[in-house]
Amino acid sequence: MLHDLICELESDHSLEQPERLRERVDAMERLEDVLAHAQEADGTPLLRRARTLHEKLADVQHRLCEAIRQAIVLGGGRQALDGWATPCARPAPLGYDHLDALVSEVLCFDEPGATGSPATDMVFYQPTPARHVFDLLDRARLGREDILVDLGSGLGHVPMLTTIHCGARAIGVEYEDAYVRSARHSARALKLDRVDFLAQDAREADLSAGTLFYLYTPFGGGMLRDMLARLQQESRRRPIRIATLGPCTATVAGEPWLRAQGPVEADRISLFRACSS
Ligand SMILES: C[S@@+](CC[C@H](N)C(=O)[O-])C[C@H]1O[C@@H](n2cnc3c(N)ncnc32)[C@H](O)[C@@H]1O
């Protein structure tokens with residue numbers, strides 16, 4: 001019942017505490033659901049209360065994200081996200097949660113509209129859930145000398161979180177110009193000077209700097225095979241690692257020149273090290 005929900009959320013003042021992120025995002029989603037399906041018959045005063053409550057919680061959320069943004073701009077790096085990016089033994093399977101809501105507001109994603117259907121073998125944009133990005137960063141233990149290259153970087157949160165969380169350099173390569181423009185805008189606003197975004201087909205990108213290449217299945221078929229052949233060539237010049245998520249993991253796991261570091265699982269990022277050949 002709408003009345004019961006509004007009374008329950010109005011009386012829970014703990015939702016205004018910044019650290020109650022999960023509960024606040026959940027409450028906001030419940031209110032958004034109510035407002036999206038509202039009928040006038042539900043009673044205007046009740047809907048007004050739902051809107052007011054949503055605005056109040058959105059304001060708490062906005063102030064929290066602004067404080068984190070300021071900390072990042074001032075060079076707060078890892079500490080800026082401390083408390084939110086806490087490592088856990090095993091992140092929950094894929095799917096988005098309160099951490100994604102926080103990250104997209106902190107990075108100020110300016111999601112462009114439709115970009116048309118991807119070409120054969122290319123995969124449309126879908127972001128890696130934030131907790132899985134932090135899970136990768138905790139396991140990969142990147143140093144400042146490392147360079148993560150996200151092949152098919154979309155709106156760019158993997159490279160940006162890498163540089164904020166680890167201080168490593170990061171490069172995003174993305175085919176869709178509109179995504180690259182948005183990613184550059186987000187990075188500039190946060191004064192992230194160790195991240196670059198290249199508007200390019202990943203198959204033509206200069207791979208010579210990367211030490212860790214990340215693929216959230218940006219493409220499959222022949223395109224993936226070509227990219228793996230290029231990465232194998234890179235591995236003959238220097239030690240590299242590859243991290244994968246999604247269906248491309250099975251193909252990558254079958255490459256004889258790569259060794260998995262840890263278990264290879266369908267719903268978690270897998271990490272591989274190239275063996276010298
Ligand atoms: C599944 S999304 C992953 C986005 C991002 N890496 C992440 O994990 O959040 C795949 C991305 O790869 C991009 N992509 C597909 N084919 C590409 C290609 N040949 N070169 C560069 N980017 C490509 C798509 O536009 C899309 O943004």
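Start by selecting lysine 191, which counts as exposed because its relative accessibility is 59% (exposed means over 50% relative accessible area, buried under 20%, and partly exposed in between, with a 1.4 Å probe and protein chains only). You are looking at a predicted model, in which local features need pLDDT of at least 70, side-chain atom pairs count only at pLDDT 80 or more, and totals for chains, interfaces and linings use all residues. Residues are numbered from 1 along each chain as its sequence is written, and side-chain values use heavy atoms, with hydrogens and water left out.

**Stop 1: the loop at lysine 191**

Lysine 191 sits in the loop between H8 and S3. Helices (H or I, at least four residues) and strands (E, at least two) are DSSP runs, numbered from the N terminus. Check the backbone here: lysine 191 is not a glycine, yet its phi is positive, about 55°. Most residues other than glycine have a negative phi.

**Stop 2: helix H8**

Which residues of H8 are buried? Colour Tyr179, Val180, Ser182, Ala183, Ser186 and Ala187 to see them. They lie on the same side of H8 because they cover an arc of only 165° around the axis, the arc being that of the directions from the helix axis to the C-beta atoms. An α-helix has 3.6 residues a turn, so residues three or four places apart point the same way.

To see what the buried residues of H8 pack against, show helix H7 (157–166), strand S2 (169–174) and strand S3 (195–199). Zoom in on serine 182, which counts as buried at 4% relative accessibility. Apart from neighbours within four places in sequence, serine 182 is in contact with Asp110 and Leu155 (contact means heavy atoms within 4.5 Å).

**Stop 3: alanine 199**

Next, select alanine 199 in strand S3. Alanine 199 counts as partly exposed, with 38% relative accessibility. Leaving aside neighbours within four places in sequence, its contacts are Glu174, Asp177, Val180 and Arg184. For a sense of scale, draw a distance to histidine 13: the two C-alpha atoms are separated by 46 Å, and the residues are 186 apart along the chain.

**Stop 4: threonine 217 and helix H9**

Move on to threonine 217, in the loop between S4 and H9. Its phi is positive, about 25°, although threonine 217 is not a glycine. Is threonine 217 buried or exposed? Its relative accessible area is 10%, so threonine 217 is buried.

Then select helix H9, residues 221–237. Its 17 residues reach 26 Å from first C-alpha to last, close to the 24 Å expected. The buried residues are Met223, Leu224, Met227, Leu228, Leu231, Glu234 and Ser235. Viewed down the axis of H9, they fall within an arc of 130°, so they line one face of the helix. On the other side of H9, look for the exposed Arg225 and Arg236.

Display the partners of the buried residues of H9: strand S1 (147–151), S4, strand S5 (241–245), helix H10 (248–253) and strand S7 (270–274).

**Stop 5: the pockets**

Finish with a surface view. On a 1 Å grid over the protein atoms alone, a pocket is an open set of points with protein on both sides within 12 Å along at least five of seven lines, and lining residues have an atom within 4 Å of a point. A volume is the space filled by probe spheres set on the points.

The largest pocket has a volume of about 470 Å³. Of its 32 lining residues, Val123, Phe124, Tyr125, Glu174 and Pro218 are the closest to the centre. H7, S2 and strand S4 (212–216) are the elements that give two or more residues to this lining.

The second largest pocket has a volume of about 310 Å³. Select Trp84, Thr86, His98, Leu99 and Arg131, the closest to its centre of the 19 residues that line it. Helix H2 (21–36), helix H5 (98–106) and helix H6 (130–140) each give two or more residues to the lining of the second largest pocket, and H6 gives the most, with four.

Key: On a 1 Å grid over the protein atoms alone, a cavity is a set of points where a 1.4 Å probe fits but cannot get out, and a pocket is an open set with protein on both sides within 12 Å along at least five of seven lines; lining residues have an atom within 4 Å of a point. The expected span of a helix is 1.5 Å times one less than its number of residues.
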